[in-house]
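Subject: Structure handover

Hello,

Here is the structure I promised to pass on. Please open it first, then read my notes below.

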Amino acid sequence: MSTVLTGIKPTGRVHIGNYIAAIKPALEIAKNRDNTALYFIADYHGLTFIQNRDEFNDLSYGIAATWLALGLDPEQVVFYRQSDVPEIFELSWILACMAPKGLMNRAHAYKAIADKNEQLGVDTDTGVNIGLFTYPILMAADILLFQTDQVPVGKDQIQHVEIARDLAEAFNRIYGDTFKLPNYIVDEQTAVIPGLDGRKMSKSYNNTIPLFETADSLKKLVSKIKTDSTPPNEPKDPEASNVFLLYKEFAADAQIEVMRERYRSGISWGEAKQELYQVMNAFLEGPRDKYNRYMADRDQIDDILRDGARKARAVAQPLLEQVKYRLGRYR
């Protein structure tokens, strides 16, 4: 039995890129009954960027509603809100005392801001709060507290799992074998998901397709996807097309083969985008309705997350007690 942990930070509306790269493969993991699967809303991670009460609240509920709308079964997994498990934050302080500052200096999120500030000629730490600086330590606590075996991540997140291993090894070396050393899972098949302008789909580029847009809005956004100037009836390479790349993520195998042949025999970009809209909307229509119903009934979300937190704490509390015993907290 392998323990697999996945969290999503509520720092913006969930978009198609989030779904394809993170949510879709994580939902596949939940189907494997050989795994103990934990899914959480990383709301306190979001505080490093979101410090508006209403926005923070809406985005946190939005992540929860997204998971549920897309089929996550809270009866089959442990599904919780990070802030409902106080043991995570107690362990985070303990791990912080094991963490060299130099290691945090090299963490990607901090280093990216520090490097940008250096280029701008301002103080290195401009715009950096301590939460952002120590973000990898809190993430290590998220992982280690549940004796996680595997963490599905994108390539840009591998470092966080490696830092969790470093901190676990430091604790184990000083106080004895306590934490499992987690491994990361990277889906090498997942391509970079293109946004409307052809660059990687990202909130920072303002080129995303939000996952639960209305049908009309989705159609307008799909029509804005950047394409090349190949004439309508000319053959096109499906594998070089951003429209086709997205189409493959939502269409059935038979539909994909038909569309591949239409590309090779000649299809206009307008037709290709219309076909993409049709398969995306057909796939998202049911989840969109569920999402809206969950967001209109947040008490139901709270009930689900509270139940998940009880399950999570039943795992977390005994391990934290063991950690504190090894620290000398109890005689």
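The count of salt bridges comes to 22. Keep in mind that this is a predicted model. Side chains of opposite charge can pair when their charged atoms come close.

Start with E213 and R13. Their side chains meet in a salt bridge, at 2.6 Å from N to O. E213 sits in the loop between strand 5 (183–185) and helix 10 (215–223). R13 sits in the loop between strand 1 (2–8) and helix 1 (16–30). The pair therefore ties together parts that are 200 residues apart in sequence. E213 counts as buried, because its relative accessibility is 13% and the cut-off for buried is under 20%.

Next, look at D84 and R81. They form a salt bridge too, and the closest N and O atoms are 3.1 Å apart. The two partners fall into separate classes. R81 has a relative accessible area of 14%, so R81 is buried. D84 is at 25% relative accessibility, so D84 counts as partly exposed.

Then there is E271 with R262. In this salt bridge the closest N and O atoms are 3.7 Å apart. E271 is partly exposed, at 39% relative accessibility. R262 is partly exposed as well, with a relative accessible area of 28%.

Salt bridges also link E239, K248, E257 and R260 in a network.

Now the nonpolar side. In soluble globular proteins, nonpolar side chains tend to be buried together. The largest nonpolar core here has 59 residues. Which of them touch the most other members? They are I16, Y39, W67, F79, I209 and L276. Helix 13 (residues 269–295) gives this core its largest share, ten residues. A second, separate core has 48 residues, including V78, L95, A114 and I143.

I209 is worth a click. Setting aside residues up to four places away in sequence, I209 touches H15, I16, L196, M201, L218, L221, I225 and M280. One of these, I16, is also among the residues that touch the most other members of the largest core.

Last, a histidine. H160 is found in helix 9 (residues 158–175). Is H160 buried or exposed? H160 counts as buried, because its relative accessibility is 6%. Beyond its neighbours within four places in sequence, H160 is in contact with Y135, P136 and M139.

Over to you.

Best wishes

Methods. Residues numbered from 1 in each chain as written. Predicted model: local features only at pLDDT ≥ 70, side-chain atom pairs only at ≥ 80, totals over all residues. Heavy atoms only, no water. Core = buried A, V, L, I, M, F, W, Y, C linked by side-chain atoms within 4.5 Å. Buried < 20%, exposed > 50% of the residue type's maximum accessible area, 1.4 Å probe, protein only. Helix = DSSP H or I, 4+ residues; strand = E, 2+ residues; numbered from the N terminus. Contact = heavy atoms within 4.5 Å. Salt bridge = Lys/Arg side-chain N within 4 Å of Asp/Glu carboxyl O.
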